[in-house]
Amino acid sequence: MINKDTAERVLVKAMSTGGSFAELFIENTLGNSLVMVNGVLEKSVSGTIFGCGLRVFHGYNAVYAYGNDVTEKGLMKLAQAAAGAIAAGESGSLRPFAPVAVANNHKILKLPSDVSKTDVALLLRQAHDAATAYDKLVTQTSNSYRDVTQDVLIINSDGLWVEDQRIYTHIGVQSVASDGGEKQTGRDGLSAMKGFELFDDRDIAEFGRKTAESAVTMLRADFAPGGEMPVVLENAFGGVIFHEACGHSLEGTFVSKGASNFAGKLGQRVASEIVTAIDDGTIPGAWGSLNIDDEGTPTRRNVLIEDGVLKSYLLDRLAGLKMGLPSTGSCRRESYKFAPTSRMNNTYIAAGKHTPEQVIAATEYGFYAKKMGGGSVMPTTGEFNFAVQEGYMIRNGKIAEPARGATLIGKGHEVLMDIDMVADNLTLSRAGGMCGSLSGSVPTDLGQPRLRVSKMTVGGRK
Amino acid sequence: MNIQDFKSLLFEKARGAGFDSFEMYAPSTDSFQVKVFGGEIEEFKSAHSSGVSFRGTYGGKMGYASTEKVAEDSIEYLLDAARANAAVIEDKDTEPLYAGDAEYPVVNSFNEKLSAAETSEKCALAKHLETAALEYDKRVVSVDLAVMGTFEGEIVIANSLGLDVSHRSNGAFAVAMVRVQSEGGEPKVGFESWAGSDLESFSPDNVARTAVEKGLAQLGASKAATANTEVVFNNETAADIFASFASNFFAEDVQKGFSLLGGKLGQKIASDVLTLRDDGYIDGCVGSKPFDSEGVAAKNKAVIENGVLKTFLYNLKSAEKDGVDSTGNGFKRGLTGPITTGCGLFAVQPSRVSFDQILDMAGDGILITKLEGLHAGVNAVTGDFSLSAGGFEIIGGKIGSPVDQMVVSGNFYEMIRDIVQVGSDLRFDTPSGDGTFGSPSVYAGKLNISGV
C-alpha cells in the first residue's frame, strides 16, 4: 500500500512542528451485504472503503487528519495539515521500521471472496421458510447477511510496521407476528470473526423458528408492569447489562478525564464480591476479537473486576499516556475516518456457583429478561437503559406469563453492587452487536451466565 | 482522478459491459473539527473524503457497488460487483432511474464566507465555549465536550437517462457537554448543540449557558414515582419521538407490512391539533436540499394535516408501486447503502399556544426534557415505546422539582390520537444523515411513568 521512504517522509513531516509521535493507519475494506424481505432477495450491495488516517500526538493532545488519497502527494498533504495544527514542542524522532509479522489466531476457512451470493440467498431463505412455517401469525420476515474483509497497515514513528486482515461474517434474522392491528418482532443473529464456515455447524432454520416463536409469544403477552423489583437476566446477550452499565465507564476516554464513576478506584471494591468481569480480545473467532488493536498493540485478556474489586481499565496509548499506564490493547476505530480510542472487545461476567434453575427458584416475585435488545449509557453519571425483547414475570419461584415492552434502567455502579446471584452457564452472545461510541461503530461481543439483580427499575405500561 | 473524467470512462465501460441503464452518485466532503479540553486543543481533525457509488440495470435487475478509490482501476470492480449483485435480486418490482425534473428549487446552502473562515477563528470559538461554560457557575466541574466543526460537501448524480445534477452545501456546528455537581451530590450532565450556516449566528456564550443551565436544573433530582400521568414532552424530546417513528410514514414500510398505517390514507389518525410536514427545503433552514438521492426535485408536503393522514413518503420505486409520483424522499445511506426512504425537514407544526400555557393545561404531571436509548426502546413496527427519561414534575401548571431514573412508556399510534396540545416553540434538531427533525413541545395526554 505504501513504501518505506514515503512513510518516513510523511511521519517526519507530521512531527516537524513539535509532534511527539506520529502514526499512519491505512485501510482497504471490502464489504458485501444482502437483504431478503418476506422471502424475496431485495438488496445486494458491495462497497470498498479505502483511505488513510494520520494521527500526531503533542503533549496529551492529538491531531487527526484523513483522506482517500494514499499517494505520497496525498499523504504529505495530510502531514502538512496535521503539522499545521501544532505550534510548539519538541519533535519526536523516527525509529527505523521493524516490520512485525502478526500471528493470526482466527483461521478463516471460507473466504468471503469465495462465497456465492446464491448460497447466501439459500441461507436467508432457510430462516424465512422456518419462520413462516412456525405459525400462521408470522406475517413478515427480514433477514440479512453481511461480510467484511478489512486489510490494515499500521505504521508509527516508534518503528512499528504491521499488517493485519480482519474477516467478519454476520447474519441477522427478524420475524414479525401480527394479529389484527398488533405486531410483535423477534430478532436474533449470528456473527463471528470467521468466514462462511460460520454456518457449517449452525442450523439457520432454527434461528428463523426461534425468532418466530419469540414474536408469537410476545404477541400474546400483556404489557410489563412498571416499578422496582428483582430482575433475572438470562445468559449470553444478557451481558449487554455489563457492557452498558460498566464497560463504557471503564474506557480510558472517560476515566482519564475523571468523567466516570470508576475513575480513581483501581484496587477498590466496585461490585458485589460474586462478580468477576473480563474483556478478552483474543478469543479465537469471536466477533469482537482482533489479533492486534487499531494502534497495532496485540489484544489481551484483561480482567476488569475480580471478586468485586476493580483491577483494570480499558486503555489505548493516549489515555495510557495521560494516566501513566500501558495500553491494554483496547484501541479501536470503525475505519480510517475515526481517530481511535479505548473500546471493548468481548466483554463478559465470569461463571458463578448457582445453577440457572436455582436463580429463578430463589425469586418469589420479579422480572425475567430472557432476550435483551440494545441499550445505551451516559458514562459520566453511569445512567444506563436497555430494552427487553422477550420478558416474563417470575411468580413463586417459577417463570410465569410473558410481559412485553419493558425497558430496564439504572446506574452502573449501583447495579454492580446489587448483583446477588450468578449462575454457572456462561456463554458469549455471538448475536453480533455493533457498539457505537466516539470512534464509531465496532463489532463487540458480550456474555454472562444467568444472574440476578436484587432491585432494578422496570419500565412498563401496566 | 477528476470526477467528470471518471464518469465518462465509467459510463463508456458500463455501456460496453451490457448495463441497460446506469447511474453514478458521487459525494465529496471536507470536514474540520476541533475539541477543546482544559484550555488546550485536545483533538484537531481535518479530512477530505470522496467516493463513487455505481448502480445499473443488468438483465432487468438493479445492481450496486461503490468505492472510495476514484481511479481507473476501480471501474472493473464496480461493474463486476454490480453485475454479480444484480444477478441475485429476486424482487419483481423494478427500481427505476430518473431522467430529472424540468425545474429544481433554488436552495442556497453554500456560504462563501463560512468556507473562507480561518482555522484560528474556529479554534478560538471552541476555546471560548469551554471557558464560558466553566465560568458560568462554580458547580461546573468539567466541560467534557467543547466541540466546534465545519463541513462542506458536493454531491453529483448523473445517469444514462440524462440526469446530471449537483449541489454544494456547507455548515457549522458546535456541541457543549458539561458536568455539574453540588457538594456531596451526584454529578449531572448538561448538553446543548448548535448548527448553522454562518459563524456570526453562533454564540458560544448562549450555547454554554444553555448546557450549564440544563445540567444545573437536574441537580438533586429524585426518582419519579410510578404512575399513569399527564406528560408533556419539551420540543427536543418531542422531535426525538417523532424521528423514531418516521419510518411508519414510509410507503416502502407500509407496502411491506412494517407499518400499521396501511390503508389509512385520507383517514383521521391523529388529534385535530397535529399537523406534521415533511419539507424538502425551507428558506434559511439547515438541512434543505434541492433534490433527493435519486435526483428527484425536493417537495414540501403535509404528511398529517389536522389529524388526517395526507400522504406517505415515497421514493421512485414505492411511488411506482402505488401509481403515484415520488415525494422526493429517496434516500441513500452513505456511499454503500442502496436507495431507501428518508426524511427532509420532518416537523410537527407549531400552534400559537406557548410552552407555559401548555404546562398550565397539563396541571399536574411530568415534563420530559431528556430521552435515552432511542435506538433500542422503540418498536417502530408496533409503535410501542419504553424509554429512559429525565425531566421535571409539573405541579399546578408550573415546573417543579427535577426527576430522573424513570421510564416513559406508551404507543406512538395511541399517543398521536391523544395529543391534547402542541406548543409554539418549534425547534429543529441538528441535521442527521437521514433527515432533520423538529417539533414544538407536545402535551401528549396520559402516559405511563415507571420509577420507584
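Is A:Ile155 buried or exposed? Select A:Ile155 and see. This residue is buried, with 28 other C-beta atoms within 10 Å. Buried means 20 or more other C-beta atoms within 10 Å of a residue's own; exposed means 12 or fewer, partly exposed lies in between, and C-beta atoms are placed from the backbone.

**Before moving on**

This is a predicted model: local features need pLDDT of at least 70, side-chain atom pairs count only at pLDDT 80 or more, and totals for chains, interfaces and linings use all residues. Residues are numbered from 1 along each chain as its sequence is written, while chains are lettered from A and ligands numbered from 1 in the order in which they are written. The model scores ipTM 0.91 and pTM 0.93. Chain B averages a pLDDT (the predictor's confidence in each residue, from 0 to 100) of 95, and 100% of its residues score at least 70.

**Stop 1: around A:Ile155**

Show strand β5 (residues 138-156) of chain A, where A:Ile155 is found. Strands here are DSSP runs (E, at least two residues), as are helices (H or I, at least four), numbered from the N terminus. Leave aside neighbours within four places in sequence, and A:Ile155 is in contact with A:Ala7, A:Leu24, A:Leu160 and A:Trp161. Contact means that the C-beta atoms of two residues, placed from the backbone, lie within 7 Å. A:Ile155 and A:Glu295 are 140 residues apart in sequence, yet 8.7 Å apart in space, C-alpha to C-alpha.

**Stop 2: where the chains meet**

Colour by chain. In chain A, 63 residues are in contact with 60 residues of chain B. Strand β2 (residues 40-58) of chain A gives the most to its side, with 12 residues. That side of chain A has 23 nonpolar, 31 polar and nine charged residues. Here Ala, Val, Leu, Ile, Met, Phe, Trp, Tyr, Cys and Pro count as nonpolar, Asp, Glu, Lys and Arg as charged, and the others, Gly among them, as polar.

Next, select β2(A) with strand β4 (residues 61-67) of chain B. The two run parallel, joined by two bridges. Strands pair if DSSP finds at least two bridges between them.

**Stop 3: strand β3 of chain B**

Select strand β3 (residues 52-58) of chain B: seven of its seven residues are buried. Turn the view to check both faces. One side carries B:Val52, B:Phe54, B:Gly56 and B:Tyr58; the other carries B:Ser53, B:Arg55 and B:Thr57.

Strand β1 (residues 21-37) of chain B runs antiparallel to β3(B), with five bridges. There B:Met24 stands opposite B:Phe54. β4(B) also pairs with β3(B) in the antiparallel sense, over seven bridges. On that side, B:Arg55 stands opposite B:Tyr64. β3(B) and β4(B) form a hairpin with two residues between them, and B:Gly59 in the turn has a positive phi of about 60 degrees.

**Stop 4: domains and core**

Colour domain 1 (112-154 + 166-219) and domain 2 (223-450) of chain B. These bounds come from an automatic or database domain assignment. Their C-alpha centres lie 26 Å apart. Nine residues of domain 1 of chain B are in contact with nine residues of domain 2 of chain B.

Finish with the largest nonpolar core, which has 255 residues; A:Leu54 and B:Ala133 are among those with the most contacts inside it. Such a core is a set of buried Ala, Val, Leu, Ile, Met, Phe, Trp, Tyr and Cys residues joined through C-beta atoms within 7 Å. Both domains of chain B give residues to this core, so it lies between them.
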